[in-house]
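Please open the model in your viewer and keep the selection panel at hand. The stops below go from the whole assembly down to single residues.

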2 protein chains.
Amino acid sequence: MADDPLVIFTPSGKRGRVPAGTPVLEAARRLGVDLDSVCGGRGICSKCQVAPGKGAFSKHGVTVAEDALSGINAVEERYDRIRGLKPGRRLGCQAQIQSDVVIDVPPESQLHRQVIRKSATERVMVMDPAVRPFYVEVVEPDLDDPTGDFQRLSAALDEQWQITGLRADLEVLARIQTVLRKSAWKVTALVWDNGLEPPRLIDLVPGLLDGPVYGLAIDLGSTTIAGHLVALDDGRVLASSGLMNPQIRFGEDLMSRVSYSMMNEGGAAEMTTAVRDGLGQLAAVLADEAGVDPALIAEAVIVCNPVMHHLMLGIDPVELGQAPFAPATSDAMTLRAAEIGLQIAPAARTYVLPIIAGHVGADCAAVVLSEQPQKSEAPVLMVDVGTNAEIVLGDKTRVLACSSPTGPAFEGAQISSGQRAAPGAIERVRIDPVTREPRFRIIGVDEWSNEPGFDEAAKATGITGICGSGIIEAVAEMRMAGIVDPSGLIGSAEQVGTPRSIPQGRTHSYVLHDGTDAGGTLIAVTQGDIRAIQLAKSALFAGARLLMDEFGIETLDRVVLAGAFGAHISPLHALVLGMIPDCAVERVTSAGNAAGTGARIALCSRAARREIEDQVHRITRIETAIAPRFQEHFVAANAIPHATDPFTELQTQVTLPVVSYNTAGDGRARRRRK
Amino acid sequence: MADDPLVIFTPSGKRGRVPAGTPVLEAARRLGVDLDSVCGGRGICSKCQVAPGKGAFSKHGVTVAEDALSGINAVEERYDRIRGLKPGRRLGCQAQIQSDVVIDVPPESQLHRQVIRKSATERVMVMDPAVRPFYVEVVEPDLDDPTGDFQRLSAALDEQWQITGLRADLEVLARIQTVLRKSAWKVTALVWDNGLEPPRLIDLVPGLLDGPVYGLAIDLGSTTIAGHLVALDDGRVLASSGLMNPQIRFGEDLMSRVSYSMMNEGGAAEMTTAVRDGLGQLAAVLADEAGVDPALIAEAVIVCNPVMHHLMLGIDPVELGQAPFAPATSDAMTLRAAEIGLQIAPAARTYVLPIIAGHVGADCAAVVLSEQPQKSEAPVLMVDVGTNAEIVLGDKTRVLACSSPTGPAFEGAQISSGQRAAPGAIERVRIDPVTREPRFRIIGVDEWSNEPGFDEAAKATGITGICGSGIIEAVAEMRMAGIVDPSGLIGSAEQVGTPRSIPQGRTHSYVLHDGTDAGGTLIAVTQGDIRAIQLAKSALFAGARLLMDEFGIETLDRVVLAGAFGAHISPLHALVLGMIPDCAVERVTSAGNAAGTGARIALCSRAARREIEDQVHRITRIETAIAPRFQEHFVAANAIPHATDPFTELQTQVTLPVVSYNTAGDGRARRRRK
């Protein structure tokens, strides 16, 4: 009798002998090869497709015979006829190994497939979500077996999928009898298993689930709640959306919300209700946009700053407003999604990333998870721009973090023509340094405002306001064109030589767009807008500078701009504005919404959750609120770009006009040009 | 240098050597001696009191010197001055071992103290509740320690009490910051730990908790919800109460509630709300009666039949109404108490005993836990009387169980003058066989109705109706006095020779009490009442007989009557009525509310929970609804006591008159007396 046939799986290289007649799926399981299956080998889910090799494989010392696998059987024929099987593919659960064979597992058949995410630090992520679908056939009850339906379902999952100790919420127990009977005892169980607690039944779907289960990755900011709907088989994003945090009516920044809670009996509870409503709305919008049944959204991952964290959880944030800023709880948490207002699958779970300290949140932890500063050779500064900015500075030796209360100006709030990033909002601005005439782009239109076709294209939305990236560019361009002086003062029409500078009380505004003739809006940058941006950018700069002091460095090798609109911030304009310390402009990159990306990574990978839970304990957090030098850095950073720092790297790129419009000193305007 | 001193603890006999200067509490911990402590050795809780021996202990070969323990220190002196220390007692955490010593741990200082419960089978129970109080001093937050309050509390519990992996619900996380600060970081944590899941913080109490934590043991019946409030240190019952199940408006028996759910959209949900409201009310009543803060009630244990089980959990019971009677879930469950309407401690847990089958509930499991048929040498029949009767028959070889739909007659419902057991209700009845004059006792009055002082004493409540035990005695006495014939017919005044038999339509009623002259009520047993009792007792008898068939026995060695009013049922009258198969009257005992007792046992002991979870899988359940012989037994049991069984054991005690009041056969009444 011949030896058992040898089977070699690629790309893993795992090999071994199995008895002739063993199905490929079974062989893969025995050899620890990562081959997906939802139906458990019944030939209906097609997740276990493999590509058997042909001919000689000298590397492996194997020659594969024509009939190394059993012929195509009725199940495969039927599947191919109805759904179509790619050439060369076989169903791993049907094809049986007859003689030595090399079998390739294509990426889409790998349960723990790798996903490559492009970012500042390109990283490979292995899909390893907490929720997976498992198809089972459940034994029907009869008079001789008095156990419950749930016990028989659990036994099936144990026997067919080795899932032991399953638990279920009442919401699911209330559904299982109907679903089991409606689907003739054949169901797909959505099982949540974080590897630490007993596995939990999230829901039952009749028959074989045709498609993936989904998850939500949510970045809960003070001003904006942004979310992605993600397919949990391969991590692709099916919808992204955002809405204003309904809490904004209780105060624009975090500290005003903490005060609201302190001054108003029941105020914290009101804000909790508001933010949970917002989360519920966002989930509905995302499901609707992606055309996905909300009941198939089985988990949500949430990142947020500590105040939002507490308010979302129903914890009064009052202690976060006073030293020593102790949070009620800081570790990662798993909750029922319904507890925080998410109306998704009946027993869906929510994973909340750990917070680092009372002022440094789970959003900052998510930035670290996404950008991996702890793996960088040279110190890298990461700035997640938002109403509360998360700032991280680190390298292989250590990682520092702080948060800085920038206020909502960068998100278009507190800006006279400010609005959130939506079609019609000005997102790019250029000002001719000679004529001081502006041109701009709005979201939803490809042309610049001075190009043919713009007016026609802009009719759809109108020109409605300025969003975060737009205001940053507008102020920086005004500084480059000499319309604003280093102290932030806007010159008069006479001083700057353009009628676009119009008086407003005792100050001036610069008109970007006057749509009033056509019934539209006047969009201008006011002196108040400049002041708001100055306060915001000073806070950001001071936080970054504080971390550099602590780290013991004077210059930066690399800066990553992140945040809800991180991808849209122009590095050059950020430097001109002095949002960040000086750095070679080509070494300033955008990482998009790094906090949101961190949330997506945690959603797709349990290992990533363990990683960040471990990592947060190694991050040194710097408390800006009590650091004496913070105030000093803040004041010096009020100038554009800075009062004392020469910004030598920036000077190699642009020359900023030396102007001053301060008339308080000698009673008249001065204008100097180099 | 001398050897380390030898310490011997009694009554455990545990012994060992410890370094001189070791506190007694510390020595006890090292030697695995069960010595209580809530404050963790800080000399404030006094739970660790011990009684050191004096002089020679020849049995142990030890002579205890006068100064074997260190002298009374300032902490003990202060405690003695303020709270008082019994003579000869020392605080185990303060007294240090200096030389060989024998130390007695009195029962009240044992954490796992034994409680002896008197019942049909006297049993010793060891206190081992899931929730215990732990006093801790928590490290205050400071700017250098960014962890959350909950993490520092958890660390304190880990370090001081070896409790690892603590979890907390949001409700508790929302409270901890306030409690910790209010109590200067010294708190008593109520920790729930069932030994299977991560321990859970139920609540925090400022400072040292002065007293025990509490639990509820609830027997959720179809007609009555009965509960005990129990101290979880020694298992004593501080209050017992009951109320009508508010679900009764949806149907008196279980099957009518199942139909209500089938016929009415949302009907199951309505019933769930009703029963949860009832549970909430009961908890409030019990806390109020015992004068206990509801926030200190940390766990509830619930037993109930399968339909109540499902309705309480929010599961539609429809499958329980049709073969194969599959429950949605049958295993024991742990829930948050708030989920089922119990407003007790913020994160209190509820343990629900396992159900045995679709018709044999957690109440039956509780009867088994309480009465331990599996340890009986001879077969014992246990009958838990209620609207749905739980019947268990077993011995060391095997245990059978069934339930039988007796209806609510035994609980005073469906009885014309029926009422629940409350002051003023007739609970005992005797009828003179010669004069056929009745005498009775009412709840709340010690005298019988024919005794001096009764009229005066009864004024407080009036004579308001008949409760369950009263109607059983009334019918049995009517049968013994020849007022009712074996078929259940009440004779006319002429036939039975007393004007107390009054006509009512075409049938007769027997007047127990006529209070109408004094503005009170006429309390009579009507023909309809007799019929209702006959139906109820036939169902009970038939269920018991079915189990005997299955067990293969014709006679019973021992019967235990249990149920909400089990302790009040007279064994002789139960036999005369034929509620149970014939048995020597002295071998019929009352066990009180065995289901409720089982709930109390599970509340006080985690080991008991494991025991019954294991035991239920070894109980054979008999399905009365589909057993062909059930109907046969039911019909034969309609007669009083029985149509065919001679009840020979009963005949040795009483002679039942041979009478017949059936006038249908020959057109006239017959009366025969032996």
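The tour begins with conventions and then moves from chain to residue.

**Before you start.** This is a predicted model: local features need pLDDT of at least 70, side-chain atom pairs count only at pLDDT 80 or more, and totals for chains, interfaces and linings use all residues. Residues are numbered from 1 along each chain as its sequence is written, while chains are lettered from A and ligands numbered from 1 in the order in which they are written.

**Stop 1: chain A as a whole.** Select chain A. Its C-alpha trace spans about 105 × 65 × 55 Å along the principal axes. The chain has 17 helices and 33 strands; helices (H or I, at least four residues) and strands (E, at least two) are DSSP runs numbered from the N terminus. Of its 674 residues, 54% count as buried, meaning that 20 or more other C-beta atoms lie within 10 Å of the residue's own, with 12 or fewer for exposed, partly exposed in between, and C-beta atoms placed from the backbone.

**Stop 2: both chains.** A rotation of 180 degrees with 0.0 Å of shift along its axis superposes chain A on chain B, with an RMSD of 0.2 Å (least squares on the C-alpha atoms of residues with pLDDT of at least 70 in both). The two copies are therefore related as by a two-fold rotation axis. To find the axis, select A:Glu197, whose C-alpha comes closest to it among the residues of chain A, at 4.1 Å.

Now colour the interface. Here 33 residues of chain A are in contact with 33 residues of chain B, contact being C-beta atoms, placed from the backbone, within 7 Å. On the chain A side, the elements giving two or more residues are α3 (149-161) and α4 (170-182). Of these, α4(A) gives the most, with 5 residues.

**Stop 3: the domains.** Colour chain A by domain: domain 1 (6-109), domain 2 (126-206), domain 3 (214-352), domain 4 (365-408 + 544-639) and domain 5 (423-531). The bounds come from an automatic or database domain assignment. Select domains 2 and 4 of chain A, whose C-alpha centres lie 43 Å apart. Between them, 7 residues of domain 2 are in contact with 5 residues of domain 4.

**Stop 4: A:Tyr214.** This residue lies in strand β16 (residues 214-220) of chain A. Is A:Tyr214 buried or exposed? A:Tyr214 counts as buried because it has 30 C-beta neighbours inside 10 Å. Leaving out residues up to four places away in sequence, it touches several others, including A:Leu229, A:Leu232, A:Val292 and A:Ile297. A:Pro294 is 80 residues from A:Tyr214 in sequence, yet their C-alpha atoms are 8.7 Å apart.

**Stop 5: the core.** Select A:Val383 and B:Val383. Of the 378 residues in the largest nonpolar core, these two touch the most other members. Such a core is a set of buried Ala, Val, Leu, Ile, Met, Phe, Trp, Tyr and Cys residues joined through C-beta atoms within 7 Å. Beyond four places in sequence, A:Val383 touches residues including A:Ile391, A:Leu540, A:Val559 and A:Ile580.

**Stop 6: a sheet.** Finish on an open sheet of 3 strands in chain A, ordered β26-β25-β27 with mixed pairing; strands pair if DSSP finds at least two bridges between them. Its edge strands are β26 (438-442) and β27 (465-466), each pairing on one side only. Strand β25 (residues 425-431) of chain A runs antiparallel to β26(A), joined by 5 bridges. Select A:Val429 to see it opposite A:Phe440 in β26(A).

Terms used:
Two residues are in contact if their C-beta atoms, placed from the backbone, lie within 7 Å.
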